[in-house]
Amino acid sequence: MSTVKVDFRGTLGRFELNARFEVPARGVTAIFGPSGCGKTAVMRCIAGLNRLADGLCSVAGDVWQDEKTFRPVHQRPIGYVFQEANLFPHLSVRRNLMYGHPATTGAAAIGFDEVVSLLGIAKLLERSPRHLSGGERQRVAIGRALLSQPKLLLMDEPLSALDQMTKDEILPYLERLHAALDLPILYISHDIAEVERLADQLVLMRSGTVLASGPLSKLQADLSLPLALSRDAAVSFDAEVVGQDAADGMATLVVPGGQFLLPAEPLPPGTRRRLRVLADDVSLALEAPSRSTIVNVLRARILEIRRQADHRVTALLGLGDDGEGARLLSRVTQRSWNELGLQTGLAVYAQVKGVALVRREDPAA
Amino acid sequence: MNLHVSADIWQPIRLTLELAALTTVILMVVGTPIAWWLARSRAWWKEAVAALVAIPLVLPPTVLGFYLLVALGPSGPGGALASLWGARTLAFTFPGLVIGSVLFSMPFVVQPIRNAFEAMGDRPMEAAATLRASPWRAFWTIAVPLASPGFLTGAILGFAHTVGEFGVVLMIGGNIPGKTKVLSVAIYDYVETSQWAEASVLALGMVVFSFCVILTMMLIEKKMTKSAS
């Protein structure tokens with residue numbers, strides 16, 4: 001399988017970088033971590049904008065950097081979307097878009113009209129970048145990167161300079177991008193909500209070091225990583241729509257080992273949606289509650305636990321009688337944990353108070 | 001006061017314009033790479049080079065003129081160069097004047113272009129590189145257009161400053177009509193020989209010219225700040 005493989009070690013400005021990971025060269029890989037942990041430094045090294053003396057970088061088997069190779073930036077088939085759009089102020093939107101567009105393109109090329117309609121920028125083409133809003137600028141910057149026909153799209157917090165309303169305006173475009181184009185994306189973010197919505201793979205960073213990398217849901221449910229123990233710990237997974245009850249507006253979505261009901265506008269059966277369940281929203285019971293407002297009660301098994309300093313317990317659950325299904329996190333108080341006599345290996349009922357639909361587009365469509 | 005103005009005054013005017021135009025062209029060609037290097041390089045000694053380029057700003061023109069006279073004379077490198085076409089020296093020749101003017105006006109061209117390149121920042125060039133533009137293409141399609149106000153300022157200042165130079169010209173050019181006798185020297189000469197009419201025509205012309213240059217510069221600057229916001 002083709003992968004993005006990097007290994008950057010050394011000092012870069014004020015960073016002591018130790019970033020090593022290998023992720024599949026498809027879908028969206030989020031590089032996630034707090035501000036100032038070296039995410040941008042890693043991405044700039046991948047692009048070739050910064051050079052660490054003995055770094056390694058190969059994309060889909062193509063070596064961009066090793067002991068004897070350093071391919072200059074303009075010879076790497078990347079698209080780079082910066083935090084600020086960095087449009088060329090002296091060129092119109094159209095000429096910005098066309099700046100990196102090769103004179104001749106193959107049949108598989110990302111077309112001008114396709115990008116313009118995907119990003120909703122048809123009305124802006126003849127304008128100067130000076131007269132665009134922040135969100136419009138960022139959409140043009142994404143389009144400009146796409147039209148250079150990249151094999152890897154690098155996005156450095158493309159939404160961080162925008163306000164929440166503008167973010168909400170752009171996120172659907174990014175989801176469509178993910179759904180419509182078969183283009184691997186590396187996406188830097190310090191916002192877990194953005195990551196849950198967009199990412200398939202996760203590279204977790206702390207102070208210049210890669211802590212772990214792998215599928216998003218796997219890392220979210222890894223009790224040895226800070227993510228699962230954080231205040232807003234959650235697990236997200238892709239689920240399949242199997243039914244919709246028109247009378248009360250509840251959709252049924254299936255995951256391995258269980259199913260979730262949630263209020264949603266009609267979803268086409270057979271399509272996939274991403275769900276997210278917060279650890280704080282999952283409580284545990286030894287018997288099935290008979291009369292309760294909680295709709296989603298799932299059979300599960302306790303696989304692993306972590307006792308936390310704040311007198312609470314975070315438990316990793318596997319759905320299904322055998323605990324082999326999808327993973328969930330549950331966070332309960334130490335006191336209720338002890339009173340119920342809960343322990344690893346026990347079969348329980350997971351009562352899920354809230355399920356969020358974080359991705360509305362079908363990633364496979 | 002004699003109101004008849006000698007027709008000779010056109011000669012220094014033409015010569016001055018030729019000198020300034022040629023100097024400006026050479027400075028654009030030579031000064032741009034220097035300005036680019038000063039704006040981009042991270043070499044610790046680059047400010048030493050910048051200081052060297054800027055020295056004519058503070059040096060008395062006679063000092064520069066003195067060294068140029070030595071360098072351009074028969075026993076300097078200028079003399080060796082001149083011997084290629086059978087001449088003995090570059091001093092007191094038009095090419096000598098051009099060399100002197102280029103050195104003397106260099107800071108006025110390099111500094112605005114360097115400032116413009118620095119004001120642009122790294123990002124536009126980085127963005128161009130990520131869009132597959134070679135450094136050469138990025139330079140011409142992004143850096144030069146974005147720095148164009150700096151080029152314009154540099155060209156105007158370089159031209160105007162060459163027109164106004166006196167000390168260096170006097171030291172290395174002397175006063176050969178039609179060859180090295182430029183405006184500023186001509187005015188000096190007219191005054192020396194009490195040709196007040198010619199002197200005042202040229203002097204007034206210089207005042208008007210300088211006024212136009214400064215006004216143009218200010219208008220460019222105003223337009224720049226407006227388009228930047």
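In this predicted model, helix α1(A) is followed by A:Gly48, whose phi is positive, near 90°. Helices (H or I, at least four residues) and strands (E, at least two) are taken as DSSP runs and numbered from the N terminus. Helix α1 covers residues 39–47 of chain A, and eight of its nine residues are buried, so the helix is largely enclosed by the rest of the structure. A residue is called buried if 20 or more other C-beta atoms lie within 10 Å of its own, exposed if 12 or fewer do, and partly exposed in between, with the C-beta atoms placed from the backbone. The buried residues of α1(A) are A:Lys39, A:Ala41, A:Val42, A:Met43, A:Arg44, A:Cys45, A:Ile46 and A:Ala47.

Residues are numbered from 1 along each chain as its sequence is written, while chains are lettered from A and ligands numbered from 1 in the order in which they are written. Because the model is predicted, local features need pLDDT of at least 70 and side-chain atom pairs count only at pLDDT 80 or more, whereas totals for chains, interfaces and linings use all residues.

Two strands are said to pair if DSSP finds at least two bridges between them. Strand β1 (residues 3–12) of chain A pairs with β4(A) in the antiparallel sense over four bridges, and A:Val4 has A:Val59 of β4(A) as its bridge partner. β4(A) also pairs with strand β5 (residues 62–65) of chain A, again antiparallel, over three bridges. Here A:Ser58 stands opposite A:Val63 in β5(A). The hairpin formed by β4(A) and β5(A) has two residues between the strands, and A:Ala60 in the turn has a positive phi of about 50°.

Further along chain A, five strands form an open sheet in the order β15-β19-β16-β17-β18, with antiparallel pairing. β15 (282–285) and β18 (327–333) of chain A stand at the edges, each with a single partner strand, so one side of each is left without a neighbour in the sheet. From one strand to the next, the twist averages 45°; such angles run from 0 to 180 degrees between N-to-C directions, and axes are lines fitted to C-alpha atoms, for helices over the stretch in contact.

Within this sheet, strand β17 (residues 312–319) of chain A is joined to strand β16 (residues 296–307) of chain A by seven bridges, and the two run antiparallel. A:Glu304 stands opposite A:Leu316 in β17(A), and A:Ile302 stands opposite A:Leu317. The hairpin of β16(A) and β17(A) has four residues between the strands, and A:His311 takes a positive phi near 65° there. Seven bridges also join β17(A) to β18(A), in the antiparallel sense; in β18(A), A:Arg331 is the bridge partner of A:Thr314. β17(A) is mostly covered, with seven of its eight residues buried.

Chain B has 11 helices and zero strands. Its C-alpha trace spans about 65 × 45 × 30 Å along its principal axes, and buried residues make up 38% of its 229 residues. Two residues are in contact if their C-beta atoms, placed from the backbone, lie within 7 Å. Among contacts in chain B between residues at least 6 apart in sequence, 72% join residues at least 24 apart.

One helix pair of chain B can be followed in detail. The axes of α5 (residues 94–120) and α8 (residues 148–164) of chain B come within 8 Å and cross at roughly 160°. That makes α5(B) roughly antiparallel to α8(B), since angles under 35 degrees count as roughly parallel, over 145 as roughly antiparallel, 65 to 115 as roughly perpendicular and the rest as oblique. Residues in the contact include B:Phe108 and B:Ile113 of α5(B) and B:Phe151 and B:Leu157 of α8(B). By class, this contact has eight nonpolar, nine polar and no charged residues. Ala, Val, Leu, Ile, Met, Phe, Trp, Tyr, Cys and Pro count as nonpolar, Asp, Glu, Lys and Arg as charged, and the others, Gly among them, as polar.

Finally, the two chains meet: 15 residues of chain A are in contact with 13 residues of chain B. Strand β6 (residues 78–81) of chain A gives the most to the side of chain A that touches chain B, with three residues. That side divides into eight nonpolar, six polar and one charged residue.
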